[in-house]
There are 2 protein chains.
Amino acid sequence: MQLLVSFSLLSVFSVTVSALWPLPQNLTEGTTALRLSPSFEISISSGIADAPQDLYDAISRTITHLFTDKLGRLVVGRGASDVSAFETAAYLPSLTLSLESGSEVLSITAEAQKPLEERDEVYTLTVPSNGTAASIIATSTLGLLRGLTTFEQLWYEYEGTIYAVNTPVEIGDAPAYPYRGLMLDTARNYFPVSDILRTLDTMSLVKINEFNWHISDSQSFPLQIPGYMELSEYGAYSSQMVYTPSDVEYIISYAGERGIDVMVEIDTPGHTSIIGESHPDFVACYLARPWASYAGEPPAGQLRFANATVANWSAGLFTEVSKMFPSSMISTGGDEIQTYCYDMDGETQYDLNSTGRTFEEALTDYVHGTHGALAAAGKTPAVWEEMVLDYNLSLSTDTLVLVWISSDDVKAVADQGFRVIHAASNYFYLDCGAGEWIGDDPTGNSWCDPFKTWQYAYTFDPLANLTSDQYSLIMGGQQLLWTEQSGPDNLDPIIWPRAAASAEVFWSGAGGNGTAALPRLHDVSFRMQQRGVRTIPLQPLWCALRPYECDSYW
Amino acid sequence: MQLLVSFSLLSVFSVTVSALWPLPQNLTEGTTALRLSPSFEISISSGIADAPQDLYDAISRTITHLFTDKLGRLVVGRGASDVSAFETAAYLPSLTLSLESGSEVLSITAEAQKPLEERDEVYTLTVPSNGTAASIIATSTLGLLRGLTTFEQLWYEYEGTIYAVNTPVEIGDAPAYPYRGLMLDTARNYFPVSDILRTLDTMSLVKINEFNWHISDSQSFPLQIPGYMELSEYGAYSSQMVYTPSDVEYIISYAGERGIDVMVEIDTPGHTSIIGESHPDFVACYLARPWASYAGEPPAGQLRFANATVANWSAGLFTEVSKMFPSSMISTGGDEIQTYCYDMDGETQYDLNSTGRTFEEALTDYVHGTHGALAAAGKTPAVWEEMVLDYNLSLSTDTLVLVWISSDDVKAVADQGFRVIHAASNYFYLDCGAGEWIGDDPTGNSWCDPFKTWQYAYTFDPLANLTSDQYSLIMGGQQLLWTEQSGPDNLDPIIWPRAAASAEVFWSGAGGNGTAALPRLHDVSFRMQQRGVRTIPLQPLWCALRPYECDSYW
């Protein structure tokens with residue numbers, strides 16, 4: 001009378017034993033257990049003359065992670081069933097880092113801050129199962145860092161033993177795209193430096209290599225810029241809610257040591273209402289009402305770009321910002337310019353009429369001014385898509401274009417020959433789906449509903465709709481957090497582990513199967529938790545411990 | 001040439017100076033500042049003989065909150081503009097708590113655990129502006145606690161001075177509904193006791209008085225029940241992820257002292273797969289596949305309610321649970337019974353056929369058994385709506401019915417004469433809108449999309465569609481967190497401050513204007529943050545500091 005059901009845990013996938021995220025390009029692994037020696041050491045090959053301090057620091061962090069992650073395997077029993085395998089396993093005594101002969105030896109930081117095309121993150125990792133030394137070989141210190149990050153993810157802990165289950169391991173790895181970013185808006189709400197540092201650590205764990213720092217917006221201007229201190233003095237939320245030059249230097253240094261470049265954005269000429277606190281004469285439709293006629297969100301106000309004083313001031317601002325940020329890239333923004341604001345602004349109309357320029361001609365002059373300042377500082381400009389799709393500004397073709405409105409717009413940007421950074425709201429906006437935040441809209445949903453799941457981001461194809469000769473224009477992409485409804489207290493759960501989805505798409509390449517990936521994503525999410533990151537659970541723990549059993553067809 | 005815009009902060013609302021949440025029934029306030037004396041004291045009137053310890057403890061907590069909240073006022077400058085008003089203000093020396101003569105003196109805990117109809121939370125609060133003592137008068141210690149909670153919300157801090165801005169204050173207050181709850185699912189994912197305690201503290205801050213503890217489900221059974229220890233021994237996620245009898249006792253005590261009753265739910269006969277870990281013969285379609293044919297979510301498995309042994313065992317379980325939970329109410333669940341599971345279960349079909357009962361007759365016997373056990377223990381049963389809308393089980397009319405599928409179902413439940421607890425997914429489910437969590441559905445959204453905003457919950461009308469003679473059936477309601485995608489690390493931001501919306505609806509009554517309420521909700525959310533609760537920002541700080549300026553028509 002008993003209903004016939006199957007109790008066995010069948011799997012329709014060939015289960016990857018290891019749980020690396022992002023998945024390496026080439027991975028061969030065994031099924032032999034290996035223990036980490038309590039005296040485990042990492043050494044730098046004598047062939048690396050004058051190894052940089054940040055490589056030594058990276059090694060120290062890896063040693064710490066190996067012994068403090070204490071991640072129990074995500075199986076029922078959390079590793080109890082591994083004991084019989086590991087209790088007779090060999091001990092791994094050491095790991096050696098080497099550079100291919102002839103490789104230039106630079107700091108990780110210097111490698112991470114190179115222009116996109118020059119970045120080298122290639123590495124090979126070998127972990128024998130017989131107790132002989134493991135090795136990472138690369139052609140840059142940055143590659144060695146990536147190998148260390150991968151190595152850390154091989155290890156689990158059960159009752160004091162640190163062990164791997166999948167040796168021997170042979171990995172040959174390199175990223176599919178040179179730009180794998182995360183954007184954080186620190187203007188709608190402010191984030192203390194400590195939150196940014198923790199976020200950088202987590203980014204590095206999944207090999208995200210670009211921190212796109214949307215540092216100012218209409219609501220606040222927290223960045224202290226020498227020579228432009230009035231912006232933060234009047235525009236920061238408080239005198240404590242600022243990023244001082246030394247904060248910025250520390251964040252950049254902390255990022256660099258972790259293989260992350262910092263591309264800052266000072267969004268202009270839109271998204272600048274707060275500049276009116278210190279320069280009311282620079283801002284059109286400053287606090288104009290109803291704001292909805294003049295701005296995408298409150299408060300209204302945009303720089304009077306047609307004014308020569310404002311344009312010169314803006315160019316000078318980017319000159320100063322260029323001194324603060326060593327990255328080869330700086331974003332000048334350029335999204336959501338509200339033309340009605342300028343149409344209604346007497347000063348702007350006067351400036352246009354008196355110089356005989358059209359709106360677009362004046363905007364061209366303005367952007368050429370800011371981009372010229374960047375060029376003089378040796379920087380490549382990045383802009384939001386409207387700067388090339390809505391206006392004919394004759395921008396330099398080396399300009400990087402972030403496509404945010406829709407992934408459908410990528411083709412048009414590529415058709416103009418610009419390099420693309422994917423930032424599509426329809427896949428990658430981490431803030432979508434949290435409801436409306438405008439104060440008098442009780443039935444409203446977020447403008448970009450629904451919530452962008454990790455699964456959906458994971459289906460993203462960076463090369464969709466492009467011709468093969470356009471593929472080289474795709475630099476990579478990122479997930480993004482706009483912070484109208486986020487602050488320090490929900491930063492971790494709204495980002496992690498979701499932002500790992502794009503990290504894998506742009507490292508490992510598109511086409512991964514999300515269903516097969518989920519156990520690995522659980523694993524890296526739990527590892528983040530072990531490191532103090534407040535990740536959101538993707539499923540009930542029952543599911544996390546039983547790969548594939550919470551797929552719908554089971 | 002200048003565009004004419006208005007810079008003044010006009011308000012279309014009569015701005016409530018105070019920021020109390022939930023809003024008292026009757027509130028008269030002035031515009032005079034008042035300072036809290038550094039030697040401020042709270043005393044219990046000599047008319048209260050043998051004041052209970054938990055009232056003394058509540059006073060201690062209030063004193064602590066007054067001096068440690070240190071909440072800056074949510075205006076530009078965070079209180080700097082209040083200095084001129086408060087620097088000449090009187091000092092409030094003390095607050096006196098009194099009970100109306102003839103009031104019975106019970107502990108706050110005992111008052112909180114009374115049956116719904118007997119709860120007394122009435123209080124009056126008077127705070128003069130001239131430096132004479134403030135007073136709270138009530139007819140129960142629970143009312144005094146509510147008054148203390150309100151009193152705490154009057155105070156702000158600026159550079160060491162603790163002050164109010166709206167004295168004299170006269171408040172007469174009482175809840176619109178006796179049940180104002182929060183439901184937490186501790187089975188899909190486990191929450192340490194400390195998370196529950198922090199949640200109880202936050203509930204108390206907004207006068208939520210019922211913790212509806214969905215303690216077990218198909219994924220895990222963390223509750224240790226004397227005589228039924230095998231359930232948690234085999235069904236908890238780990239030996240650490242349990243609630244011991246002493247944990248439960250502590251949680252109930254902690255809740256009670258804060259004016260909160262704990263209504264536990266052991267959901268049966270559905271949502272019980274995990275019982276199969278210890279009693280495989282008790283569970284139909286245990287781990288059957290594909291689970292989607294047998295269950296609403298993985299894993300499949302439901303108690304064989306038609307089996308006499310299972311029915312008796314279940315009744316005994318509720319007898320034991322009744323001993324652990326002093327509340328007058330215990331929920332036996334009863335949602336989402338999957339009939340196909342039973343149709344396919346040979347044991348169940350045998351049990352039905354051999355006793356000559358229909359499915360519904362056997363279910364009636366089962367529920368009468370569990371409810372009989374509760375009745376024998378002096379408890380009132382609560383059930384999910386299907387128990388009265390989908391089945392004709394002849395339940396006692398004192399049964400409380402939680403309406404979750406849709407608020408549209410409330411009328412049908414009331415038409416049957418049952419008392420209602422609002423728990424509608426279309427208004428109150430805190431987990432909606434976070435995407436699909438089933439492992440192989442890359443384009444799926446949450447089943448109850450979109451995200452349920454605080455604004456929308458705030459529009460809820462508890463009496464909608466009812467006739468006036470049915471109003472007395474409405475006991476109140478609650479927001480609910482199902483935890484497929486929640487854990488300790490996102491507990492606070494997914495609940496708070498959203499769950500304050502229903503707290504006000506069911507305390508102050510329906511019909512509040514959300515736009516007018518937002519500044520108060522910001523205030524209580526920031527106060528929660530000052531107490532270590534990780535609340536989500538509702539808006540950019542720019543908006544939080546400028547009431548109504550982020551409404552759409554500005």
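**Chain A against chain B**

A:E549 forms a salt bridge with B:R289 (a side-chain nitrogen of Lys or Arg within 4 Å of a carboxyl oxygen of Asp or Glu), and their closest N and O atoms are 2.6 Å apart. This is a predicted model, where local features need pLDDT of at least 70, side-chain atom pairs count only at pLDDT 80 or more, and totals for chains, interfaces and linings use all residues. Side-chain values use heavy atoms, without hydrogens and water.

Q: How many salt bridges between chain A and chain B?
A: The count is 2.

Q: And how many residue pairs in polar contact?
A: There are 27 between chain A and chain B, both residues at pLDDT 80 or more. A polar contact is a pair of N or O atoms within 3.5 Å; within protein, one must be able to donate a hydrogen and the other to accept it, and residues adjacent in sequence count only if both atoms are side-chain atoms.

Q: Which helix of chain A gives the largest share of the side that touches chain B?
A: Helix 19 of chain A, with 4 residues; helices are DSSP runs of H or I, at least four residues.

Q: What area do the chains bury?
A: About 6,400 Å² between them, 58% of it on carbon and sulfur atoms. Buried area is the accessible area (1.4 Å probe) that two parts lose on being put together, summed over both.

Technical notes
Residues are numbered from 1 along each chain as its sequence is written. Chains are lettered from A and ligands numbered from 1 in the order in which they are written. Helices (H or I, at least four residues) and strands (E, at least two) are DSSP runs, numbered from the N terminus.
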